[in-house]
Amino acid sequence: MSKITKAFQNGKVFIPFITCGDPDMETTAAAVRAMAQNGADIIELGIPFSDPTAEIRALSAGADTDKVFDLVRELRRDVSVPLIFMTYANVVYSYGAEQFISTCREVGIDGLILPDIPFEEKEEFSEICRCYEVDLISLIAPTSENRIGMIAREAEGFIYLVSSLGVTGVRSEITTDLASIVRVIRENTDIPVAIGFGISTPEQAKQMAQIADGAIVGSAIVRIAEQYGREAPEVIGEYVRKMKSAVCEYG
């Protein structure tokens with residue numbers, strides 16, 4: 001059993017996301033430590049590439065893949081919770097897939113999410129990930145439909161269930177019938193399921209914890225980083241504490 005899957009054994013999990021290097025690597029390091037200290041069970045680290053605003057801020061500050069690897073090396077001196085990279089296939093391709101994934105193993109990355117790789121094309125990455133014991137996290141979306149069971153049966157670590165369609169960002173309400181999707185997943189695998197995309201409030205986190213094994217939050221934390229800049233880590237830590245508490249009500 002992987003370190004990621006083990007994180008789900010003690011109740012419902014909360015998984016925050018942060019873009020590495022926004023506004024700088026020192027602030028990211030402080031924010032990750034604040035997340036871990038305030039109850040984050042797994043932490044997603046975004047490697048910036050080109051488009052969303054937080055990534056542009058990070059790239060403008062000089063963030064690149066090697067600096068992100070250095071960040072993880074430094075964090076692993078005292079941060080023990082599982083760490084996952086979320087990035088784009090181009091980042092991995094340009095670095096060299098085997099070199100990228102082997103370096104993930106070396107620095108202490110436990111999993112990898114590549115949201116732009118279709119399920120049918122994941123094998124070129126999954127073989128290397130298995131070789132270096134890095135979980136390649138599968139995503140299931142409301143549009144997956146008759147592919148849900150197939151994706152679930154091959155999943156590793158946990159399944160990232162996308163709560164709704166559209167661009168990233170917080171949602172005032174999540175209306176997708178997620179419970180029925182989770183039922184199909186449960187019929188095909190024992191791998192845990194965490195729901196993300198649009199979750200921002202403790203109430204939404206509670207709702208997701210009732211349905212699945214955990215909740216994932218990204219855009220709300222990116223927004224805190226934008227608003228508070230180098231003062232963000234303390235605010236992010238308090239936010240994570242509240243969200244973890246909400247999730248634990250159904251732990």
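The largest nonpolar core of this predicted model has 73 residues. Leu-45, Phe-85, Phe-100, Leu-112, Ile-140 and Ile-236 have the most contacts inside this core, and helix H12, spanning residues 232–248, gives the most to it, with 7 residues. A second, separate core comprises 18 residues, including Ile-42, Ile-113, Val-162 and Phe-197. In soluble globular proteins, nonpolar side chains tend to be buried together.

Phe-197 sits in the loop that runs between strand S8 (193–196) and helix H10 (202–211), and it counts as buried because its relative accessible area is 17%, under the 20% cut-off. Glu-133 also has a positive phi, near 55 degrees. This residue belongs to the loop between helix H7 (123–131) and strand S5 (135–136), and is exposed, with a relative accessible area of 56%.

Turning to helix packing, H2 (residues 25–37) and H4 (residues 65–75) meet at an angle of about 40 degrees, their axes 11 Å apart, which makes H2 oblique to H4. Their crossing is right-handed. H2 contributes Met-25, Thr-28, Ala-29, Val-32 and Arg-33 to the contact, while H4 contributes Lys-67, Val-68, Leu-71, Glu-74 and Leu-75. By class, 6 of these residues are nonpolar, 1 is polar and 3 are charged. In the loop between strand S1 (13–19) and H2 lies Pro-23, joined to Asp-22 by a cis peptide bond with omega of about 5 degrees.

Terms used. Residues numbered from 1 in each chain as written. Predicted model: local features only at pLDDT ≥ 70, side-chain atom pairs only at ≥ 80, totals over all residues. Heavy atoms only, no water. Axes fitted to C-alpha atoms, helices over the stretch in contact; angles between N-to-C directions. Helix = DSSP H or I, 4+ residues; strand = E, 2+ residues; numbered from the N terminus. Parallel < 35°, antiparallel > 145°, perpendicular 65-115°, else oblique. Left-handed = near helix turned anticlockwise from the far one by under 90°. Contact = heavy atoms within 4.5 Å. Nonpolar A, V, L, I, M, F, W, Y, C, P; charged D, E, K, R; others polar. Core = buried A, V, L, I, M, F, W, Y, C linked by side-chain atoms within 4.5 Å. Buried < 20%, exposed > 50% of the residue type's maximum accessible area, 1.4 Å probe, protein only.
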